[in-house]
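Thanks for coming. I will go through one model today, starting with its aromatic rings and ending with a sheet.

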Amino acid sequence: MWRLGCAVVAVAAVAAFAWSPSFRDEVGASVAQQPTPFTELFLDDHASLPRQVTPGVPATFHFTIANHEGRAVAYDYRVTVTGANGSSAVAQRATVEVGAGASTSIAATFTTTPGSSSSVISVELVDRTENVHFEVRS
């Protein structure tokens, strides 16, 4: 009889706990597939990227940041020009706020320095892993 009484009390306790909102939320979160937050960084219209540039003459390209993080994010980005000799210069640096589920296209302008036959143009999201780059010839 004692065992039956304990079993009834245990079942009642589990049932009461199972009906609590926090328990239901926890069980629901553990069995439902949760979206993975991420950010996209990509070059717009790769066919129109500058391929041949004149040193000292500004060139422009566009890139997009798409926010799939589930919340608004302020992205710090940096555009860098690295010459064939290894010299590097920041061409543009800024912060842009992108709303949850939104994207923004950014125009970036850079110049290459004389004496370098080619340069790599890089866009990176500061303190994050996303980055893209392309090469230009002088």
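Is Phe134 buried or exposed? Phe134 is buried, at a relative accessible area of 6%; buried means under 20%, exposed over 50%, and partly exposed lies in between, with a 1.4 Å probe and protein chains only.

Before going on, the ground rules. This is a predicted model, where local features need pLDDT of at least 70 and side-chain atom pairs count only at pLDDT 80 or more, while totals for chains, interfaces and linings use all residues. Residues are numbered from 1 along each chain as its sequence is written, and side-chain values use heavy atoms, leaving out hydrogens and water.

Now the rings. Searching the whole structure gives 5 aromatic pairs; rings of Phe, Tyr and Trp (its six-membered ring) pair if their centres lie within 6.5 Å, with planes under 30 degrees apart counted as stacked, over 60 as edge-to-face and the rest as tilted. One of them is Phe61 with Phe134, edge-to-face, at 5.0 Å centre to centre and 75° between the planes. Phe61 sits in strand E2 (residues 59-68) and Phe134 in strand E7 (residues 131-137), so this pair links distant parts of the chain, 73 residues apart; strands are DSSP runs of E, at least two residues, numbered from the N terminus. Phe61 is also buried, at 2% relative accessibility. Ring pairs join Phe61, Phe63, Tyr77, Phe110 and Phe134 into a cluster.

Last, the sheet. E7 belongs to an open sheet of 4 strands, in the order E4-E3-E6-E7, with antiparallel pairing; two strands pair if DSSP finds at least two bridges between them. Strand E4 (88-98) and E7 are the edge strands, each pairing on one side only. Strand E3 (residues 73-83) and E4 are joined by 10 bridges, and Thr80 has Val90 in E4 as its bridge partner.
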